[in-house]
Amino acid sequence: QVQLVESGGGLVQPGGSLRLSCAASGSIFSINDMGWYRQAPGKQRELVARITRGGTTIVAPSVKGRFTISRDNAKNTVYLQMNSLGPEDTAVYYCKVAAGTTSWGTSAYWGQGTQVTVSS
């Protein structure tokens with residue numbers, strides 16, 4: 001099994017910054033894509049950013065230029081640096097990882113979610 005532990009959420013004022021982290025642990029054979037999703041109250045969960053093992057990134061237009069996704073393969077950890085935060089970024093942020101415990105492929109694992117609240 002694979003466990004994901006997220007950290008870094010909290011309350012921040014508009015214009016502020018936060019850095020989210022998600023560390024994967026367990027019986028990991030390989031990790032492919034890692035990503036961040038978010039879900040605001042009353043809305044569907046949406047992709048924020050995703051990064052491949054090789055470092056290719058996809059970033060949602062709504063956060064492009066403000067958020068940066070990165071990963072440390074040696075630590076099985078993905079990060080989301082969030083700058084210029086606004087109230088529209090308020091949501092629960094979830095880490096998603098495609099990980100395999102054997103050489104037979106990968107499965108999707110989700111973190112427990114971390115709340116990000118942008119308010120003055």
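Guide: Let us begin with R38 and D89, both of which are buried; that word stands for a relative accessible area under 20%, while exposed stands for over 50% and partly exposed for values in between, with a 1.4 Å probe and protein chains only. The model is predicted, so local features are given only at pLDDT of at least 70 and side-chain atom pairs only at pLDDT 80 or more, whereas totals for chains, interfaces and linings use all residues. Residues are numbered from 1 along each chain as its sequence is written, and side-chain values use heavy atoms, with hydrogens and water left out.

Side chains of opposite charge can pair when their charged atoms come close. A salt bridge here is a side-chain nitrogen of Lys or Arg within 4 Å of a carboxyl oxygen of Asp or Glu, and the whole structure holds four of them. One of these joins the side chains of R38 and E46, with 2.8 Å from N to O. E46 is partly exposed, because its relative accessibility is 36%, whereas R38 counts as buried at 6%. R38 also forms a salt bridge with D89, and the closest N and O atoms of this pair are 3.0 Å apart. Distant parts of the chain are linked in this way: R38 belongs to strand β4 (residues 30-39), and D89 to the loop between β8 (77-82) and β9 (91-102), 51 residues apart. Strands, like helices, are DSSP runs numbered from the N terminus; a strand (E) has at least two residues and a helix (H or I) at least four.

D89 in turn forms a salt bridge with R66, where the closest N and O atoms are 2.7 Å apart. Because R66 lies in the loop between β6 (57-59) and β7 (67-72) and D89 in the loop between β8 and β9, this pair ties together parts that are 23 residues apart in sequence. D89 and R66 are both buried. Through shared partners, the salt bridges join R38, E46, R66 and D89 into one network.

The strands around these residues complete the picture. Two strands pair if DSSP finds at least two bridges between them. Strand β4 runs antiparallel to strand β5 (residues 46-51), and five bridges join the two. M34, for instance, has I51 of β5 as its bridge partner. Six residues lie between the strands in the hairpin of β4 and β5, where G42 takes a positive phi near 75°. Strand β5 is also joined to β6, by three bridges and in antiparallel fashion; here A49 has V59 of β6 as its bridge partner. The hairpin of β5 and β6 has five residues between its strands, and G55 in the turn has a positive phi of about 105°.

Most residues other than glycine have a negative phi. S84 is located in the loop between β8 and β9, and its phi is positive, near 50°, although S84 is a residue other than glycine. With a relative accessible area of 46%, S84 is partly exposed. In the loop between β7 and β8, N76 likewise has a positive phi, of about 50°, without being a glycine. N76 counts as partly exposed because its relative accessibility is 23%.
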